[in-house]
Amino acid sequence: MTENAPLALYQDHVQSDWIDYNGHMSEGYYAIAFGNATDKLMDRIGMDAPFRARVRFTIYTMETHISYLLEMAEGESLSVTTQVLEYDAKRLRIFHAMLRQGDIVTATQEAVLLNVDMEGPKAVPFDPAVLAKIEAIGQAHAGLDWPPQAGRAIALKR
């Protein structure tokens, strides 16, 4: 399995209960949509529910950074693409882009994920088969440009 473009693993639409008092998608629902995209990535790399039940490894999210770029309205279709930025034996750094109409980026999320043994819980190396899938995706994504929001920090200009 190789992918030379960000993975397109998650599609949905902005549901009515995701709308806030400003009339657009509330910030917490962006996080839910990105979390759902991470779940789809877990399935793609072999960490689906049967794997988690059998091996007792899962992913913990260690850090995220969401950039809200454009508003999303009720009923709008959305998709999330996922790019692997970096990985090592226990961690995975990914970048999600939320899109409307297939190519308009409305929000992004950068995340650091940690492989965890649920029996501990403690950080452990990825299962070899899972790591092989991560490596294949990571190598295919190595030539992609990093998104402009990747690696940004929060600060006020001084």
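These legends go with views of a predicted model.

**View 1**
The elements run β-α-α-β-β-β-β-β-α from the N terminus. The radius of gyration is 16 Å, close to the 15 Å that the globule rule gives for 158 residues, so the chain is as compact as a globular protein of that length. Its C-alpha atoms fill a box of roughly 45 × 35 × 30 Å along the principal axes. Take contacts between residues at least 6 apart in sequence: 70% of them join residues at least 24 apart.

**View 2. The surface of the chain and its charges.**
Of the 158 residues, 43% count as buried. The side chains include 14 positive and 21 negative ones. The centres of these two sets lie 7 Å apart.

**View 3. Strand 4 covers residues 91–100.**
Nine of its 10 residues are buried, so strand 4 is largely enclosed by the rest of the structure. Buried here means under 20% relative accessible area.

**View 4. Strand 3 (residues 77–87) pairs with strand 4.**
The two strands run antiparallel, joined by eight bridges. Look for Ser79: it stands opposite Leu99 in strand 4. Three residues lie between the strands, and the pair forms a hairpin.

**View 5. Strand 4 also pairs with strand 5 (residues 104–117).**
This pairing is antiparallel and spans 10 bridges. Arg91 stands opposite Leu114 in strand 5. Strands 4 and 5 form a hairpin, again with three residues between them. In that turn, Gln101 has a positive phi of about 55°.

Definitions and conventions: Residues numbered from 1 in each chain as written. Predicted model: local features only at pLDDT ≥ 70, side-chain atom pairs only at ≥ 80, totals over all residues. Heavy atoms only, no water. Helix = DSSP H or I, 4+ residues; strand = E, 2+ residues; numbered from the N terminus. Rg over C-alpha atoms; globule rule 2.2 N^0.38 Å. Buried < 20%, exposed > 50% of the residue type's maximum accessible area, 1.4 Å probe, protein only. Contact = heavy atoms within 4.5 Å. Lys, Arg positive; Asp, Glu negative; His and termini not counted. Charge placed at Lys NZ, Arg CZ, Asp CG, Glu CD. Pairing = 2+ DSSP bridges.
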